[in-house]
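Here is a short report on one protein model.

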Amino acid sequence: MYTQSFNVPDSPGATAPAAASAGEDPVRQAAFDARIDADGRIEPQDWMPEAYRRTLVRQISQHAHSEIVGMLPEGNWISRAPSLKRKAILIAKVQDEGGHGLYLYSAAETLGTSRDQMLDALHSGRAKYSSIFNYPTLTWADVGVIGWLVDGAAIMNQVPLCRCSYGPYARAMVRVCKEESFHQRQGYEALLVMMTGTDEQKAMVQDAVNRWWWKCLAMFGPPDADSPNSAQGMRWGIKRVSNDELRQKFVDATVPQARVLGVTLPDPDLRWNEERQHYDYGQIDWNEFWESVNGNGPCNRERLATRVKAYRDGEWVRDAALAHAAKKRARSMKEAA
Ligand SMILES: [Fe+2]
Ligand SMILES: [Fe+2]
């Protein structure tokens with residue numbers, strides 16, 4: 001998963017600019033613009049404006065951090081999954097999210113920023129990641145609802161990124177989206193099963209939907225009117241569809257799914273608008289969103305502390321891999337001599 005709009009700025013100094021600016025070069029700039037206008041791809045070795053590079057590093061690294069931090073809320077349930085089948089599915093899903101983070105760090109590295117720089121920005125709290133992961137997973141139904149709604153929102157956001165103008169990011173997203181689709185379906189299927197169960201199970205699903213619905217709508221980022229960077233992202237072919245348009249698509253796709261499932265979406269203003277041919281929906285609490293983005297959500301500190309601890313605990317693995325590589329290099333040099 002998981003994007004929020006990704007036009008949320010990191011704290012100052014979070015991602016160092018990749019390389020020294022190549023300066024304003026009108027000839028190269030014109031070639032770049034022409035490629036963008038023709039809907040072509042920009043590759044790592046191509047010249048690109050410094051602002052385009054910086055924007056991509058910020059967006060792709062925030063996306064990578066979101067995948068990695070996104071492993072935590074569901075990872076909490078691996079040891080408590082209700083059956084072997086659910087445990088196997090959940091392990092596979094959480095592992096996929098780790099894989100998504102790794103492809104995305106690799107894609108960001110092609111822009112000249114090292115993984116160490118990106119991880120340092122995350123671990124020191126300067127880099128942002130999707131605010132949705134700063135909420136707790138209270139019951140097993142949360143795992144199903146995250147698959148259905150959070151991964152469902154992620155797919156809406158990420159399918160257009162398969163056409164992003166930056167080649168490595170676009171290609172990474174093709175595989176990521178296929179896996180997100182599996183995540184969404186496993187979540188929905190788990191909920192369908194619970195909704196054929198006891199009254200307690202049904203109530204558990206409804207309660208989880210009530211807690212996650214509005215947070216998922218906020219995942220698409222601030223309204224278009226409050227997203228001043230979106231126009232530039234569109235011009236560069238990084239952003240293809242606006243936040244509000246994506247949010248509307250998500251609402252329109254989800255309402256019929258909720259009906260099949262037998263749950264109520266917690267919005268009294270949610271109704272079909274014949275004129276617009278879309279569902280109308282109520283007001284999102286943007287204060288809550290910004291509180292969570294700015295570090296004050298219920299689990300921000302816990303999530304970050306868990307990531308930092310995991311990184312420190314893994315130090316011996318990194319050291320061992322480097323020592324092994326050095327030994328191998330020394331051996332092959334000796335043999336060559
Ligand atoms: Fe993912
Ligand atoms: Fe996912």
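## Cysteines

A disulfide is counted here when two cysteine sulfur atoms lie within 2.5 Å of each other. This is a predicted model. By that rule, the protein has 0 disulfides.

The cysteine sulfur closest to that of Cys177 belongs to Cys162, at 3.8 Å. That is too far for a bond, because the cut-off is 2.5 Å. Cys177 is also buried, with 10% relative accessibility.

For Cys299, the closest cysteine sulfur is in Cys216, 15 Å away. This distance, too, is too far for a bond. Cys299 has a relative accessible area of 6%, so Cys299 counts as buried, the limit being under 20%.

## Fold

The secondary structure consists of 13 helices and 2 strands. Among contacts with a separation of 6 or more, 80% join residues 24 or more positions apart.

What radius of gyration does the protein have? The value is 21 Å. A compact globule of 337 residues would come near 20 Å, so the two agree. Along the principal axes, the C-alpha atoms fill a box of roughly 75 × 50 × 35 Å.

## Surface and charge

Of the 337 residues, 50% count as buried. The accessible surface is about 15,900 Å². Carbon and sulfur atoms contribute 56% of that surface.

The protein carries 41 positive and 42 negative charges.

How values were computed
Residues numbered from 1 in each chain as written. Chains lettered and ligands numbered in written order. Predicted model: local features only at pLDDT ≥ 70, side-chain atom pairs only at ≥ 80, totals over all residues. Heavy atoms only, no water. Helix = DSSP H or I, 4+ residues; strand = E, 2+ residues; numbered from the N terminus. Rg over C-alpha atoms; globule rule 2.2 N^0.38 Å. Buried < 20%, exposed > 50% of the residue type's maximum accessible area, 1.4 Å probe, protein only. Contact = heavy atoms within 4.5 Å. Areas by Shrake-Rupley, 256 points an atom, 1.4 Å probe, with all protein chains shown as cover. Lys, Arg positive; Asp, Glu negative; His and termini not counted. Charge placed at Lys NZ, Arg CZ, Asp CG, Glu CD.
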